[in-house]
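Good morning, colleagues. Please look at the structure on the screen while I speak about helix packing and about confidence.

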Amino acid sequence: MGSHSHTGVALDSLIDQSSSLGVLATELRLRAGELLGVLAASPAAALGAPASAVEAHRRLEDAVNAVLRAASAAGSLHDAVHASVARYERAEQLARDAAAKVAHEFDQGLMWLLGVDVRLFGLPLLVGVGGTVLLSKWLTGNSAADELRDFFRTHGRILTNRTTVAIIREAANDLPDFAAGLLGVPPEFVMSANDAGLTTPRTDAGAIETVGSAFGLFRETGVSVKKTSVFEFGKPAASLVDRAQSFLSPDSDPNGEQIRIDRYSVPGQADRFDVFIAGTQDFSPVSGSEPFDLTGDIAGIAQNSPASYRAVIEAMHQAGVTSTSPVVLNGHSQGGLIAVMVAASGQFDVKGVLTFGAPATSIPVPQHVPVLALRNSEDLVPALGGYDTNTHAVIVERPVFDHQPIPTEWAVPAHRLEYYEQTARWADTATDPRVANIRDILDGFGADANHVESTLWVATRT
Amino acid sequence: MTIPMQGGSAQLRAQLDHQWQVVSRTLHAVHSSAGHIPTSNAAGWHGPASIGYQIALEILRREVAHAVELLRFAELSSSEALVEVEHRG
């Protein structure tokens, strides 16, 4: 936790509205001043002026007063909205600071209590879910996994819910305490576990990885990458939406490429590279041939060296990226996690990182690397990384289902790229200077290119 | 405040003409300015904050509309006074 910039699009809209009201107040004040000048020299006040001129003078006085009143109303509302923006940001910072302090001082006890809360209130829910799944399984004969997936699809509000996201973030941040509370372990026993340092998403994921490997789960492997296609046409990404649309779809492509690298040739300069990394393709805890799997997620959050990370590094080297080549890294989901890990590795000259729904919050990125993280409020995946540790990351968060129905086709629809495209569209027009600053860097990255070569890469576990 | 008329009816005509022009220009400007008033609660406020903001926006909208209405009257009155002064010569 720290002083990183957390900017909601709603807050950005508030800034826009404050700005509009300010323009209106200024305009009205200027016009009122002009009218007052005319009023001071009004012929109605002159000796011998006709009655109609006196009437015009009176009407002018009324109009000046009305314009002044409107100017005052616009000014007051502008000041109020402007103050709200400042308060929102200050309150958010205060809340974050307070949470950090409280977490530091009462870490174990609070998380234990939260676990108890979930045990008390969450277990009936789990029992309800489990009961429904089992009943359904008994009725239909389908597998439990299918039933569970279907249950969450048809009860989308359970997973697609900001409270669920908050609980998951807390749990991810302090899993041992959370789990201990859930299991009813007395807090005094938990204290010693925390003294051992088991309090971060990194160590928690590492523990999961270690325990899982004993049961044949989350086993990391070697990896190979292969270039499958080269396209020598296309334009550089010129907006955040362009970038959201540049990811490959391994599940719908016969080759299953996960990595795309666009090479921009700029006259008189070193070639630049835009790297687009797709998300998790296989959610099985047992490693298969797909490196962008759940094992990659766990190993990534544990800040180990997942196969997907090694594959991206290898693809970048094979594509001609050197330690001095300007690079922008883009990633969706696990791809965002890998993008942040590559930036954090310090192996490349990274000019910017853009993530969509990435559980990469706990990976420290050097201060000089601009990071823009787009998150949908109902997306639980970024919460798996716990709280943000990068003080300079700009986070744009937007609720996606406030004004549209939650689709039932997917268990976690807010994580889907199509909904991140909507958020990217908002962020493309956001006027907040922190967002605009990084957006300018990203939009201008390939602007001077006279040639674009796109290469597609498929990674396979070995 | 009473200001002695200077330059007779020609001066009065010029002053009224200037008044009409400024009022007319202001009328159009204020009317256009109404477009700067946010039309919805796009900021995403909820509950009492949302209701309070909508009410404040509505009050502002009415204040601006009222100013436009009175400016129309002022413009019309200035125009009528100008016609009368010109008619008198």
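In which sense, left-handed or right-handed, does α10(A) pass α12(A)? The crossing is left-handed.

Helix α10, residues 294-301 of chain A, and helix α12, residues 334-345 of chain A, have axes that come within 10 Å and cross at roughly 35°. On the α10(A) side, the contact is formed by G296(A), D297(A) and G300(A), and on the α12(A) side by Q334(A), L337(A), I338(A) and M341(A). Sorted by class, this contact of α10(A) with α12(A) comprises three nonpolar, three polar and one charged residues.

Helix α11, residues 307-318 of chain A, packs with α12(A) at an angle of about 60°, the axes being 10 Å apart. The two helices α11(A) and α12(A) are therefore oblique to each other. Here α11(A) passes α12(A) in a right-handed crossing. From α11(A), the residues S308(A), Y309(A), V312(A) and I313(A) meet Q334(A), I338(A), M341(A) and V342(A) of α12(A). In this contact of α11(A) with α12(A), six residues are nonpolar, two are polar and none is charged.

Finally, a word on confidence. Chain A has a mean pLDDT of 75, with 65% of its residues at 70 or more. For residues 176-200 of chain A, pLDDT is below 50, and the model gives this stretch 51 contacts beyond near neighbours in sequence. Where pLDDT is low, predicted coordinates should not be read in detail.

Notes
Residues are numbered from 1 along each chain as its sequence is written. Chains are lettered from A and ligands numbered from 1 in the order in which they are written. This is a predicted model: local features need pLDDT of at least 70, side-chain atom pairs count only at pLDDT 80 or more; totals for chains, interfaces and linings use all residues. pLDDT is the predictor's confidence in each residue, from 0 to 100. Two residues are in contact if their C-beta atoms, placed from the backbone, lie within 7 Å. Axes are lines fitted to C-alpha atoms, for helices over the stretch in contact, and angles run from 0 to 180 degrees between N-to-C directions. Helices (H or I, at least four residues) and strands (E, at least two) are DSSP runs, numbered from the N terminus. A crossing is left-handed if the near helix is turned anticlockwise from the far one by less than a right angle, and right-handed if clockwise. Ala, Val, Leu, Ile, Met, Phe, Trp, Tyr, Cys and Pro count as nonpolar, Asp, Glu, Lys and Arg as charged, and the others, Gly among them, as polar. Angles under 35 degrees count as roughly parallel, over 145 as roughly antiparallel, 65 to 115 as roughly perpendicular and the rest as oblique.
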